[in-house]
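Hi,

Here is the structure I promised to pass on.

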Amino acid sequence: MKVSGIICEYNPFHNGHLYHIRETRMNGATHVVAVMSGNFVQRGDTAVMDKLERARLAVRSGADLVIELPVQYCLASAEKFAEGAVWLLDSLGVVEELSFGSECGDAEKLGRALETADRIKKENEEEIRAIMEKGYTYPRALNSVVNGIDENVADIISEPNNLLAIEYMRAIKRFSSKIKPFTVKRSGAEHDSTSAVSGFASASFIRDRISTGINGADSVREFTTSIWADAISRSARNGELADISRLERIILYKLRSSDTEEIRRISDVGQGLEHRIYSARMSGTLDELLFTIKNKRYTMARIRRILLSLLIGITKQDMTHLPPYGRILAINERGREILACAKGKARLPYGTSIAKLSRFNSVTKRFGDLEMMAGDIYGLARERIGSSESDYRAKIMIDME
């Protein structure tokens, strides 16, 4: 038995994801556990489909056990996103390998890039800070300094999937985990690519097709599996697809009814950013709000994450705790075998009921309350508004086929 972990969003699942799972199996994985973002994703957006539906489809697409990444980690920096997900995999006690995609395709080379980048970061803190003071983001500043010392490493950390892969490896190192990294070279379309290559397309391309394509959801069939294409089409017909644009009014309301102190407490707000956000509160549209706040230092994704965190109520204090439980969203028979093997080894409780998992202490309650609020807000982002408190009534997918 070899258990491999995958950190994913499947927003939505595409042929590149299918290739990744198959390559993970080819590398010897008999069982696959996926830690998946819930109803909100790391780019600062709503997931196109509900987390339970995506988890159900993930189990039908090669995963055996799907565990939810708590919402505050979904709406966090790449570093925190990786920490939360790796922590959940490591705490299960049976995951031997973390499998991830990368442009590099070489785990050893990524490991060396991590060590070099960390050394350069430590030795050149003042130079990096000086570049940031000119208005550039931290990744841009770091890459600029690294490029002047080691161009090969700079090339590696400039690629989005390589950068996330390095954060996974950094988290493994932080937790002194025995999990071994394994990477699959990204094939086909690049991350966030606006075009498709030989049946491979980025999730961004597919989302754009779903929302603006001539045939809507049916226009993505060549880029994903039939069960996902059918599910996307069905969700579209039923008014169940979500879009952040439908949250425009409540985001604007929340910002207009907040003061700078409340904004300052929100996760990832720092260096006086609360004043820049507050000064944009009279914007008339979400796009106007985003572009008023954005500059070279603050990426659009970071701003969207902050605004969604403000709406949900995710504070800096909420990021001081690692996930205190693992909530199961979907499972099959092999997934049951993973849990059976984890019995007596897991360092956290894992279960399907968020109501039960949130009862242990004040920290678990806070995590559960945030997840409930996120679910309620997500329901407002769907074309057909979802009911409140849906997380407590959720029926978990148990696939015995």
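To get your bearings, where is Tyr-10 found? Tyr-10 sits in the loop between strand 1 and helix 1. Before going further, a word on the ground rules: this is a predicted model, where local features need pLDDT of at least 70 and side-chain atom pairs count only at pLDDT 80 or more, while totals for chains, interfaces and linings use all residues. Residues are numbered from 1 along each chain as its sequence is written, and side-chain values use heavy atoms, with hydrogens and water left out. As for the element names, helices (H or I, at least four residues) and strands (E, at least two) are DSSP runs, numbered from the N terminus.

Most residues other than glycine have a negative phi, and most peptide bonds are trans. Tyr-10 counts as buried, at 2% relative accessibility; buried means under 20% relative accessible area, exposed means over 50%, and partly exposed is in between (1.4 Å probe, protein chains only).

The loop between strand 1 (3-8) and helix 1 (15-26) also holds Pro-12. A cis peptide bond joins Asn-11 and Pro-12, with omega at about -5°.

His-14 has its place in that loop between strand 1 and helix 1 too. His-14 is buried, with a relative accessible area of 6%. Which residues does His-14 touch, not counting residues up to four places away in sequence? They are Ala-201, Ser-202, Ala-203, Ile-206, Phe-223 and Thr-224, where contact means heavy atoms within 4.5 Å.

**Another positive phi**

Gln-271 is not a glycine, yet its phi is positive, at about 55°. Gln-271 lies in the loop between helix 13 (260-264) and helix 14 (273-279). Is Gln-271 buried or exposed? At 54% relative accessibility, Gln-271 counts as exposed.

**Strands 5 and 8**

Ile-67 is in strand 5 (residues 65-69), and Gly-326 is in strand 8 (residues 326-332). Ile-67 counts as buried at 0% relative accessibility, and Gly-326 is buried with a relative accessible area of 0%. Leaving aside neighbours within four places in sequence, Gly-326 is in contact with Ile-67, Leu-88, Pro-349, Tyr-350, Gly-351 and Leu-357. With that same exclusion, the contacts of Ile-67 include Val-33, Val-35, Leu-88, Gly-326 and Tyr-350. Ile-67 and Ile-328 are 261 residues apart along the chain, but their C-alpha atoms are separated by 4.5 Å.

Helix 12 (residues 248-256) and helix 16 (residues 300-312) pack at an angle of about 75°, with their axes 10 Å apart. That makes helix 12 roughly perpendicular to helix 16. Angles of 65 to 115 degrees count as roughly perpendicular, under 35 as roughly parallel, over 145 as roughly antiparallel and the rest as oblique. Axes are lines fitted to C-alpha atoms, for helices over the stretch in contact, and angles run from 0 to 180 degrees between N-to-C directions.

Ile-250, Ile-251, Lys-254 and Leu-255 in helix 12 meet Leu-307, Leu-308, Leu-310 and Leu-311 in helix 16. The residues of this contact divide into seven nonpolar, no polar and one charged. Here Ala, Val, Leu, Ile, Met, Phe, Trp, Tyr, Cys and Pro count as nonpolar, Asp, Glu, Lys and Arg as charged, and the others, Gly among them, as polar.

**One enclosed space**

How many cavities of 30 Å³ or more does the structure hold? There is one. A cavity is a set of points on a 1 Å grid over the protein atoms alone where a 1.4 Å probe fits but cannot get out, and lining residues have an atom within 4 Å of a point. Grid points are joined across faces, edges and corners, and a volume is the space filled by probe spheres set on the points. The largest cavity holds about 40 Å³ of space, and its lining is Glu-68, Leu-69, Pro-70, Tyr-325, Arg-327, Ile-354 and Glu-371.

Happy browsing!

Notes. On a 1 Å grid over the protein atoms alone, a cavity is a set of points where a 1.4 Å probe fits but cannot get out, and a pocket is an open set with protein on both sides within 12 Å along at least five of seven lines; lining residues have an atom within 4 Å of a point.
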